[in-house]
Amino acid sequence: MSSRPAPDSSSTVSLSGQSSGPVPPVWEDDAWGIDSDDDEFVKANNGRGRGNAGPSGMSKQKHAPPARPHPFPLSGEIKRGASSSSVPRASGEVRPQPLAGAEGSKRTSGAGSWMFVERSGSMPRASPTLSAAEGVASSSALESGEDGSSMTDNQKPRARRRTVGEGEGDVDDIRDALQSDLDRVLQDPTEMLARLSIQNSLPVGSPAAEAKDTSIIDSALASKASVSTPEGNSEDAEVSLPLAVAASLERKSSVRSERRRARFAECLAASTVNMEELRRLAWAGVPDNVRPVVWMLLLGYLPPTRAVRASTMARKRAEYQSGVRLAFQRGTESLDQAIWHQIHIDVPRTNPGIALWQREATQKALERILYVWAIRHPASGYVQGINDLATPFFEVFLSAYISTDPEQYDVGLLPPAALEALEADTFWCLSKLLDGIQDNYIFAQPGIQRQVRRMSELVSRINPSLHSHLEQQGVEYMQFAFRWMNCLLMREMSVRNIVRMWDTYLAEGPDAFSEFHLFVCSVFLDKWSAELCKMDFQGIIMFLQSLPTQQWSARETELLLSDAFVKKSLFGGTAHLTN
């Protein structure tokens with residue numbers, strides 16, 4: 001175990017990316033007591049996230065509530081005459097990506113267990129009042145310079161970095177990626193409903209629509225039976241029949257998807273959304289093109305009544321922007337350094353395999369979101385793992401403004417108003433989520449301690465043989481389940497599958513991220529019962545820290561949710577689990 005010098009807290013990195021001195025990276029040893037660059041541990045985890053719980057079951061994460069008085073309520077205004085140059089904008093900053101060599105450097109340790117990025121260089125700002133079209137025009141201006149003149153050779157690589165896909169494509173690709181109705185969606189996300197193209201013209205639930213669904217395979221089989229095949233091609237005929245059925249099944253699935261979108265559109269288009277109906281529809285998954293507005297409604301961020309929706313959203317966004325200005329008006333040097341420093345080193349570690357989360361604009365936005373949340377919640381402050389919980393919201397809400405894959409997009413290319421809205425919406429929805437599980441992140445994290453204890457009791461009833469084997473091998477649930485509760489399985493599954501799981505969690509109700517998640521984790525453990533019962537202590541721990549679930553399909557995720565619902569129906573009413 002290698003020892004490292006203590007970090008120099010006197011050196012800071014400003015929000016604009018300019019360093020005021022050498023900033024040594026700070027490594028937070030896992031609560032396991034294992035260094036971040038322990039090669040064997042990293043190898044066992046395939047370079048992904050690290051465990052958060054020690055053998056004693058206590059977390060060694062830092063809980064650093066702010067030492068200064070609370071700077072809110074957010075409705076306050078900056079004092080007249082305050083310098084605007086020191087106030088980091090929540091958006092509107094056209095930031096180039098850090099380049100290797102002269103403009104940026106990367107330090108790595110072990111097998112990709114962490115990455116610290118030093119950033120330097122000033123970043124031009126754009127006006128926050130630009131419309132979507134003007135924002136795209138400002139992006140194209142980078143190619144020719146601010147005054148229309150050609151750029152120097154030193155400037156061109158920086159501009160090329162600002163295109164979609166790490167330099168692949170051009171400004172036309174960026175313009176095409178932005179939704180044409182972006183300005184309307186910014187005012188009210190339900191404007192996304194106009195994008196829906198419902199192919200099925202039959203009324204939803206009508207007998208004709210039902211007959212259309214059930215007759216697809218029959219018609220395919222009939223058409224196949226009427227086709228004559230040449231002699232000697234009987235093998236080809238036998239193969240083509242399943243292909244015809246598969247195509248028919250695909251068409252049937254498409255028809256069902258159209259009908260589901262039609263039901264969502266009908267529910268969301270009402271003057272007052274029926275929340276019970278929306279929850280019922282969302283349990284089985286939400287279509288991608290309406291997920292942003294559905295999540296906002298289910299979390300309570302948007303009101304169900306259409307008449308007050310736009311004004312409520314505008315007020316909440318303005319409130320968040322005011323909070324950012326108040327927190328950062330004197331620069332990063334005036335921030336609570338214990339909180340800011342931990343956030344600043346955790347953010348680059350967030351989803352290291354996804355391009356979106358390695359882009360500077362995304363990381364700056366996430367830093368502001370986490371810091372403002374931490375100072376608004378002094379009982380907990382910032383705790384490692386909260387950064388992961390913001391990522392599904394950010395990706396889902398980003399998808400409302402673009403037509404390409406959010407995980408490959410550079411949010412620095414968004415119009416300033418869109419980036420501000422994206423950041424504010426992520427902040428408020430993250431706050432709504434954490435309000436229900438905040439005891440997971442206060443001192444000693446009693447919520448997680450309680451959840452892990454309940455999980456042990458539940459597994460002993462679901463699978464007594466597995467529970468007995470874990471006890472015989474001396475395995476404590478805290479040694480592997482702490483991270484499952486702390487990060488809500490974000491380290492075990494892909495963001496896309498987590499988004500699908502959260503569709504169901506939000507439909508289950510406000511307590512789902514603690515109550516229903518307990519059953520999901522229990523079923524998740526039970527799924528590997530056959531493998532675990534053949535392993536000893538070391539094998540069990542290493543296996544559970546590096547589960548082969550990153551490549552799971554949507555179907556496997558839905559089967560996990562269905563099994564959890566069954567277990568909740570069977571065991572959820574017992575007194576020792578509900579009290």
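Among contacts in the protein chain between residues at least 6 apart in sequence, what percentage join residues at least 24 apart? The share is 76%, where contact means heavy atoms within 4.5 Å.

This is a predicted model, in which local features need pLDDT of at least 70 and side-chain atom pairs count only at pLDDT 80 or more, while totals for chains, interfaces and linings use all residues. Residues are numbered from 1 along each chain as its sequence is written, and side-chain values use heavy atoms, with hydrogens and water left out.

**Whole chain**

Select the protein chain. Its secondary structure comes to 23 helices and 2 strands; helices (H or I, at least four residues) and strands (E, at least two) are DSSP runs, numbered from the N terminus. Of the 579 residues, 53% are buried, a term that means under 20% relative accessible area, with exposed over 50% and partly exposed in between (1.4 Å probe, protein chains only). The accessible surface comes to about 25,200 Å², and 52% of this area belongs to carbon and sulfur atoms; such areas come from the Shrake-Rupley method with a 1.4 Å probe, and for residues only the protein chains shown count as cover.

**Colour by confidence**

Next, colour by pLDDT, the predictor's confidence in each residue, from 0 to 100. The chain averages 72, and 59% of the residues score at least 70. Confidence is highest in helix 16 (residues 464–472), at a mean of 97, and lowest in helix 3 (residues 156–160), at 34. Over residues 1–133 the pLDDT stays under 50, and the model has 301 contacts beyond four places in sequence for this stretch. Residues 199–239 also have a pLDDT below 50, with 34 contacts beyond near neighbours in sequence. Where pLDDT is low, the predicted coordinates should not be read in detail.

**The largest nonpolar core**

Now select Tyr401, Leu414, Met455, Trp502 and Leu525, which have the most contacts inside the largest nonpolar core, a set of 132 residues. Such a core is a set of buried Ala, Val, Leu, Ile, Met, Phe, Trp, Tyr and Cys residues joined through side-chain atoms within 4.5 Å. Helix 14 (residues 416–435) supplies the largest share, 11 residues. The core lies between domain 1 (307–436) and domain 2 (446–572), because both give residues to it; the domain bounds come from an automatic or database domain assignment.

Centre on Trp502. Leaving aside residues up to four places away in sequence, Trp502 touches Trp295, Leu389, Pro392, Phe393, Leu433, Leu488, Met490 and Phe513.

Select helix 17. How many of its 9 residues are buried? The count is 9 of 9, and the helix is mostly covered. Its buried residues include Phe480, Phe482, Arg483 and Trp484. To see what covers them, display helix 13 (386–398), helix 15 (446–462), helix 16, helix 19 (515–526) and helix 21 (537–545), which are included in that cover.

Just after helix 17, stop at Leu488, which takes a positive phi of about 55° although it is not a glycine. Leu488 sits in the loop between helix 17 and helix 18 and is buried, with a relative accessible area of 1%.

Glu492 is in the loop between helix 17 (478–486) and helix 18 (495–508). Is Glu492 buried or exposed? Glu492 counts as buried, because its relative accessibility is 2%. Beyond residues up to four places away in sequence, Glu492 touches Arg483, Trp484, Phe524, Leu547, Thr549 and Gln550.

**Two further loops**

Move to Asn351, in the loop between helix 11 (337–346) and helix 12 (360–376). Asn351 has a positive phi of about 45° although it is not a glycine, and at 15% relative accessibility it counts as buried.

Then select Pro303, in the loop between helix 9 (291–299) and helix 10 (309–328). Pro303 counts as buried at 18% relative accessibility. Draw a C-alpha to C-alpha distance from Pro303 to Thr272: they are 31 residues apart in sequence and 8.7 Å apart in space.

**Cysteines**

Finally, select Cys267 and Cys521. Cys267 counts as buried at 9% relative accessibility, and Cys521 counts as buried at 0%. A disulfide is a pair of cysteine sulfur atoms within 2.5 Å; by this rule the count comes to 0.
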